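Grab a pencil and work through these exercises with the model in view. Each task comes with a step-by-step solution.

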Amino acid sequence: MTQRLEAKNLTAEEKSQYRSLIEKIKHHEYLYYVLDAPEISDASYDALYRALQDIERAHPEEVAADSPSRRVGGEVLAGFQSYHHPVPLQSLANAFSLEELQAFDRSIRKEVPASRIKYSVEFKIDGLSVALYYHDGMLQAAATRGDGIDGEDVTANVRTIKSIPLSIDHTSSDVAIRGEIYMSKAAFEKLNDDRDALGESLFVNPRNAAAGSLRQLDAGITAKRRLDGIFYTVLNDEECGLESQEAAIDFIRAQHLPPIQNLLCDTIEEAFAYCEKWQKERPNLPFEIDGMVIKLNDLALQKQLGTRARSPRWAIAYKFPPEQKTTRLNSITLQIGRTGVATPVGELEPVFVAGSNIRRATLHNRDYIIEKDIRPGDTVVIQKAGDVIPEIDHVVKEERAADSAPYEFPTTCPECGSALVQVEGEAATRCLNGLTCPAQVRARIIHFASKNAMDILGLGPEIINQLYTHGLVKELADLYILKLEDLLALDRFAEKSATKLLAAIEASKQAPFHAFLFGLGIPLVGAETAKILAREFATIEDLMATDVETLEGIDQIGGTIAEEICNFFANENNRRQILALKAHGINMARAEASEAQSQHLAGKTFVLTGTLAHHTRDEAKALIEAHGGKVTGSVSKKTSYLVAGENPGSKYDKAQSLETTILNEEELMKLLEG
């Protein structure tokens with residue numbers, strides 16, 4: 001029996017021994033889970049871990065924040081909190097051929113000297129994108145990408161992943177690292193074998209299994225599933241003193257995080273050859289990849305090239321050609337969306353493609369069907385566009401029946417019987433009966449209740465279809481007059497589930513302004529555009545009263561979007577629905593700073609660098625924004641102030657060269673006080 005420590009507090013020597021034991025276990029976890037090169041047996045590792053547990057049971061007040069014992073999980077969350085990424089996590093533009101890669105290369109060479117061009121070519125892991133945030137060397141937060149600006153805080157679950165260290169050696173500045181959480185092929189097979197033995201439903205592919213495991217509200221469940229991580233970007237590279245993507249990968253490796261494998265290439269043709277090599281060898285990898293990522297290696301040049309609205313100009317994803325399978329097209333049906341677009345859908349004999357069973361495939365529009373001469377009864381070749389959306393690539397015409405006839409696109413809406421019209425200049429065919437077409441009304445309500453909109457938990461398509469069919473919800477405002485007895489009269493509703501849904505509907509009244517704007521379903525206004533509008537307009541009345549010219553003056557709002565917004569609010573039915581929603585207490589204004597805080601920093605732009613003594617970066621950013629200031633990630637001529645803490649990095653030097661006013665933390669606090 002292991003002897004337990006009886007002292008109330010650890011002595012200095014015992015603390016040193018305890019710390020040494022933690023470091024020893026961390027070392028062996030790194031060898032085992034990251035390098036796959038264990039030095040000791042499982043029994044020896046278990047003995048070390050038991051010794052650690054004995055110390056911590058006897059001295060719970062002494063348990064270190066980065067102790068391996070803290071990985072076990074056990075906390076059950078009521079739901080995931082939103083996490084705001086200080087640096088947006090962008091997605092990548094895609095290329096599918098050498099020609100498209102060469103076009104990307106030409107765009108780089110127009111602005112970058114040829115002598116400085118090197119490309120880092122890396123695996124594109126098919127997993128779930130996350131960012132890790134370390135403060136004073138300790139893992140402070142982990143969040144999913146979400147929409148790139150706001151993700152879900154999954155810190156408790158990420159702490160259970162043994163290949164991700166709870167502490168790192170770099171403590172001179174905060175560290176933000178982006179990567180991918182995935183499930184290996186072997187772990188995926190074992191998980192499904194275990195679920196099959198218990199009679200539970202199986203996961204379709206490793207990516208779904210990883211996403212489902214990471215997003216468990218009970219971290220104990222995540223801990224039981226073998227998740228891994230691979231990391232490829234240091235988001236605050238300047239503060240960490242990095243000058244290249246290669247150096248960033250070396251930095252990640254030095255912090256004992258699993259780094260992405262990469263190859264430096266001098267030409268885009270060399271990069272393409274490396275992509276082709278792994279396209280052939282991908283079945284031999286222990287994890288799934290769906291392509292390769294090509295990045296300009298020089299970080300200064302990356303910043304010089306900058307970004308588009310959604311993706312960086314210095315990187316591109318080369319997507320592998322999609323897997324294809326042959327099956328039979330049984331019939332073609334029409335699906336009416338919330339804007340009235342009639343989308344033809346192919347009903348297929350089920351076939352397994354790229355990790356999932358496919359029963360339906362989009363046929364896009366009338367012109368697509370005519371161009372590919374797709375007919376019911378055809379033998380067709382199925383693939384997933386971008387490895388995601390099932391589509392028909394082509395028809396195997398050699399197997400077509402002799403009596404086959406071309407498909408005739410319907411002339412009336414299958415939902416309401418109104419005429420279907422192909423609007424001039426559009427490929428889409430629409431049902432223009434928006435006010436009373438059941439499909440459009442249901443689709444609008446489904447969109448309104450969705451996660452990026454009002455996020456009404458439990459109000460999915462099936463429930464909404466029931467509510468509509470029973471005449472309980474015919475427009476958005478009807479959701480807020482539902483009663484308990486209304487729900488109890490429907491199938492599959494017990495008192496508990498009905499009460500929970502009503503509570504979720506009530507809670508949605510406090511959804512952020514940008515979520516409400518997105519939920520309205522304004523044509524061309526996605527989740528990111530809704531956030532831009534919510535920043536520019538304080539209330540729904542302000543937005544409804546604006547004009548096209550004002551909207552066009554807003555960064556990232558073009559003329560077409562501006563016209564759609566104004567047309568939407570000019571529609572009397574839309575205005576009536578908004579007034580009805582407001583009468584139920586829906587939030588239609590952005591959150592403002594408290595009255596005690598001023599806007600005296602309005603028009604001032606700040607950049608934060610280094611480690612502040614009394615505030616985290618997020619706290620300092622929130623204080624500045626609460627007083628009307630704006631915080632950006634890089635120093636330019638437009639920067640009003642650089643706020644510098646300890647070990648400020650290259651931003652400090654650039655601010656000096658531009659003669660930007662530099663503040664310390666105390667001076668920032670005085671400025672905030674006016």
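**Exercise 1.** Is Tyr407 buried, exposed or partly exposed, and what about Phe409?

*Solution.* Start with the cut-offs: buried is under 20% relative accessible area, exposed is over 50%, and partly exposed is in between (1.4 Å probe, protein chains only). Tyr407 has a relative accessible area of 22%, so Tyr407 is partly exposed. Phe409 comes out at 9%, so Phe409 is buried.

Before going on: this is a predicted model, where local features need pLDDT of at least 70 and side-chain atom pairs pLDDT 80 or more, while totals for chains, interfaces and linings use all residues. Numbering starts from 1 along each chain as its sequence is written, and side-chain values use heavy atoms, without hydrogens or water.

**Exercise 2.** How many aromatic pairs are there, and which kind do Tyr407 and Phe409 form?

*Solution.* First the rule: rings of Phe, Tyr and Trp (its six-membered ring) pair if their centres lie within 6.5 Å; planes under 30 degrees apart are stacked, over 60 edge-to-face, the rest tilted. That gives 10 aromatic pairs. Tyr407 and Phe409 have centres 6.4 Å apart and planes at 80°, an edge-to-face pair.
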